[in-house]
Amino acid sequence: MRDQPLPPSSPGFWRSPVRGPWFTSVLGVVLLVGITVLFVTGLLSYAAYNPDLSPVNDKTPEKGILGFYLFAWPTGPYWLYRLTQGVHVTLGITIVPVLLAKLWSVVPKLFALPPVRSLAHALERISLLLLVGGALFEFVTGVLNVQLDYVFPGSFYPLHFYGAWVFFAAFVVHALLRAPAAVRNLRRMRAGKGPEEEAGGEPDFPLVSPRPAAPTVSRRGSLWLVGGGSLALFVTTAGQSFDGPLRRTALLAPHGFADPGSGPGGFQINKTAAYRGISARETSDEVWRLAVTGPSGTVRLSRAELLGLPLHSSALPIACVEGWSTSNQWWRGVRLRDLAALVGYEADTAPDVLVESLQRHGAFRRAALRANQVRDARSLLALDVNGEPLTPDHGHPARIIVPAAPGVLNTKWVARMTFGDL
């Protein structure tokens with residue numbers, strides 16, 4: 001007689017011989033470390049915007065106590081944001097196979113009956129619902145942002161920020177509830193014993209099928225498959241944080257394999273002058289003037305007049321929230337603190353500054369910099385890069401360059417700078 005079909009609430013419905021507490025526990029430990037690093041680097045990325053400095057920098061209004069960790073973002077080491085955001089984006093993409101494998105490994109438990117057996121079990125089920133939903137939301141929105149597919153129902157910044165807090169809160173609760181069982185399973189494995197549920201040590205819905213199908217791959221082989229997928233994603237993503245031949249390996253990064261050109265301006269950009277609506281006429285030497293405002297009034301400077309001021313050089317990278325970055329470029333221009341001195345401030349007391357661009361649209365056409373960023377000797381209003389005048393796409397006639405700052409705070413096509421406490 002043909003076997004009666006089993007419902008998903010029956011352990012026998014799930015027949016994969018790969019599922020089991022050891023397989024799930026290994027994946028869980030990897031995610032425990034990986035997601036913790038993602039959360040920390042994500043908070044650091046958000047803090048790098050100095051969102052409590054000025055409303056123009058804050059893309060998550062009314063964050064309340066969730067802003068407790070915010071601090072004055074440092075300017076050193078100069079590669080800090082390049083590192084933290086590069087790790088955040090690359091790691092997030094790399095562990096996608098681990099996340100999917102983990103979700104697949106515990107799918108049977110979603111159908112377990114009764115749905116709630118105790119208060120602890122109810123908390124675990126609620127945390128699991130928020131965890132799965134939050135994980136899918138955070139990873140999907142993060143990957144879409146990296147791929148420049150802005151199809152979100154709103155701004156990426158608040159969606160990803162608040163979603164991260166919901167996801168991580170559920171993750172912490174779930175980890176606390178499940179960590180003891182995961183550790184026991186791993187210890188049993190190291191001791192050469194079978195998994196806990198096979199030994200009768202876990203009373204809830206078992207992951208090991210009572211009627212497994214014929215195996216086509218072992219559990220260790222499955223882990224190697226997951227690890228291989230993560231390695232492939234790493235290799236085809238990480239290169240976007242470097243210049244040269246390695247960048248061409250970043251096949252999954254929009255700013256990876258694209259050729260930025262050659263010459264002094266041959267390094268990555270995000271948006272072109274044409275895309276931002278910047279015309280050649282308004283940036284011409286005859287028309288363009290930089291307005292610098294402070295307590296002593298407003299000074300208007302042409303590019304030629306800026307070139308006549310004391311010029312300094314800094315070797316700094318550009319690093320973007322999307323995970324890509326460049327190697328150090330040689331920038332030459334006027335120190336921000338020297339511009340503050342032109343309008344009534346001493347160099348060592350230079351305050352915050354509000355920088356406004358010629359661009360008329362975009363979230364960061366205005367950006368604020370903290371006093372510590374203004375006072376850093378490497379912070380410039382750059383006029384040249386790599387020994388040549390800035391190209392239109394790199395911000396001609398003048399742009400901001402600040403060590404360790406996110407790329408969007410390095411405003412291009414600068415039109416006005418207003419110094420004062422913000």
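Modeller: Let us begin with a cut-off: a residue is called buried when its relative accessible area is under 20%. Please keep in mind that the model is predicted.

Colleague: Why is Thr84 called buried?

Modeller: The relative accessibility of Thr84 is 7%. The limit is under 20%, so Thr84 counts as buried. This residue is found in helix H2, which comprises residues 80-94.

Colleague: What makes the pair Tyr81 and Thr84 a polar contact?

Modeller: A polar atom of the Thr84 side chain lies 3.4 Å from the backbone oxygen of Tyr81.

Colleague: How do you know that the length of H2 agrees with its number of residues?

Modeller: The expected span is 1.5 Å times one less than the number of residues. For the 15 residues of H2 this gives 21 Å, and the end C-alpha atoms are 21 Å apart, so the two values agree.

Colleague: What makes H2 mostly covered?

Modeller: Eleven of the 15 residues of H2 are buried. Among them are Leu80, Tyr81, Thr84 and Gln85.

Colleague: What does UniProt list for residues 87-107?

Modeller: An unreviewed UniProt entry lists residues 87-107 under "transmembrane region". In the model, this span is 90% helix and 0% strand.

Key. Residues are numbered from 1 along each chain as its sequence is written. This is a predicted model: local features need pLDDT of at least 70, side-chain atom pairs count only at pLDDT 80 or more; totals for chains, interfaces and linings use all residues. Side-chain values use heavy atoms; hydrogens and water are left out. Helices (H or I, at least four residues) and strands (E, at least two) are DSSP runs, numbered from the N terminus. Buried means under 20% relative accessible area, exposed over 50%, partly exposed in between (1.4 Å probe, protein chains only). A polar contact is a pair of N or O atoms within 3.5 Å; within protein, one must be able to donate a hydrogen and the other to accept it, and residues adjacent in sequence count only if both atoms are side-chain atoms. UniProt positions are given in the numbering used here, feature names are shortened, and annotations may be inferred rather than shown by experiment.
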